[in-house]
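This report describes the packing of helices and strands in a single model, together with selected backbone and surface features. The sequence and structure are shown below.

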Amino acid sequence: MDFHDLIIKRRSIRRYTDEPISADHVRLILEAALLSPTSKSARAWQLVVVEDRQRLDQLASCKPAGAVSLGKCPLAVVVTVDASKSEAWIEDASVAASYMQLQAADLGLGSCWIQVYGRFASDGTPSDQFVQECLGIPENCPVLCILTFGHPDEQRKPQDTEKLKWENVHIGQW
């Protein structure tokens, strides 16, 4: 599959089969993040790989809506960055997360981005603090997102390129 086909077909997947992800595929997904570009080559991202069912269920409580797929995936990667090493930590973490999702799609796996930064658990605790406490992540490493991965147990239609918002593209000036 070429890159254009990949980005058309990649969709957020929230339901997964029970089939585990091979160690080789996990390595390739993580390698994609480690190869991602960062501001000033800071490479300050940190990745926490979670496969333990009990821990995944616990993480699913990081916010009241939108984190349900954590309780159903075989693998999650928490994306965080040492914010003291990069002022562009949100951008660096976002690129790393996107690379992982594209690599997973290329491997025929599904993924879903669960936004953590700026969200709150049902008791009002900031979601990133909830995840930090759950996984022992230092305070100087805010959590941007959690990515879920697995073999898809749902079918999603590819993006419809006829619906692209070309009116949002401005050439030369606004």
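Which residues does Leu6 touch, not counting residues up to four places away in sequence? The contacts of Leu6 are Met1, Leu102, Ala105 and Asp106. The model discussed here is a predicted one.

## Leu6 and helix H1

Leu6 belongs to helix H1, which spans residues 3–9. Its relative accessibility is 7%, under the 20% limit, and Leu6 therefore counts as buried. One of its contacts, Ala105, is 99 residues away in sequence, yet the two C-alpha atoms are 7.0 Å apart in space. Ala105 is itself one of the buried residues of helix H4, and H1 is among the elements against which the buried residues of H4 pack.

## Helix H2

Helix H2 comprises 12 residues, 23–34, and reaches 16 Å from its first C-alpha to its last, close to the 16 Å expected at 1.5 Å a residue. Its buried residues include Val26, Ile29, Ala32 and Ala33. These residues lie on the same side of H2 because they cover an arc of only 120° around the axis. In general, an α-helix has 3.6 residues a turn, so residues three or four places apart point the same way.

The face of H2 turned away from the buried side carries Ala23 and Asp24, both exposed. On the buried side, the residues of H2 pack against strand S1 (45–50), strand S2 (75–81), helix H4 (89–106) and strand S4 (143–150).

## The H2–H4 contact

Two packed helices are described by the angle between their axes and the distance between the axes. For H2 and H4, the angle is about 145° and the axes are 7 Å apart. The crossing of these two helices is right-handed.

On the H2 side, the contact is made by Leu28, Ile29, Leu30, Ala32 and Ala33; on the H4 side, by Ala96, Tyr99, Met100, Gln103 and Ala104. Classified by residue type, the contact of H2 with H4 has nine nonpolar residues, one polar residue and no charged residues.

## Helix H4 and its surroundings

H4 has 18 residues and reaches 26 Å from its first C-alpha to its last, close to the 26 Å expected at 1.5 Å a residue. After H4 comes Gly108, with a positive phi near 85°.

Val79, in strand S2, has a relative accessible area of 0% and is buried. Not counting residues up to four places away in sequence, Val79 touches Gln46, Leu47, Ala93, Ala97, Met100, Pro142, Val143, Leu144, Cys145 and Leu147. Between Val79 and Gln101, 22 residues apart in sequence, the C-alpha to C-alpha separation is 12 Å.

## Helix H5

In helix H5 (residues 127–135), the buried residues are Ser127, Asp128, Val131, Gln132 and Cys134. Seen down the axis of H5, they fall within an arc of 165°, so they line one face of the helix. The elements covering these residues include helix H3 (53–59), S2 and S4. Just after H5, Gly136 takes a positive phi of about 70°.

Lys40 counts as exposed at 71% relative accessibility, whereas Arg43, with a relative accessible area of 43%, is partly exposed.

Asn168 lies in the segment after S4 and is partly exposed, with a relative accessible area of 48%. The C-alpha atoms of Asn168 and Ser22 are separated by 40 Å, the two residues being 146 residues apart along the chain.

Notes. Residues are numbered from 1 along each chain as its sequence is written. This is a predicted model: local features need pLDDT of at least 70, side-chain atom pairs count only at pLDDT 80 or more; totals for chains, interfaces and linings use all residues. Side-chain values use heavy atoms; hydrogens and water are left out. Helices (H or I, at least four residues) and strands (E, at least two) are DSSP runs, numbered from the N terminus. The expected span of a helix is 1.5 Å times one less than its number of residues. Buried means under 20% relative accessible area, exposed over 50%, partly exposed in between (1.4 Å probe, protein chains only). The arc is that of the directions from the helix axis to the C-beta atoms. Contact means heavy atoms within 4.5 Å. Axes are lines fitted to C-alpha atoms, for helices over the stretch in contact, and angles run from 0 to 180 degrees between N-to-C directions. A crossing is left-handed if the near helix is turned anticlockwise from the far one by less than a right angle, and right-handed if clockwise. Ala, Val, Leu, Ile, Met, Phe, Trp, Tyr, Cys and Pro count as nonpolar, Asp, Glu, Lys and Arg as charged, and the others, Gly among them, as polar.
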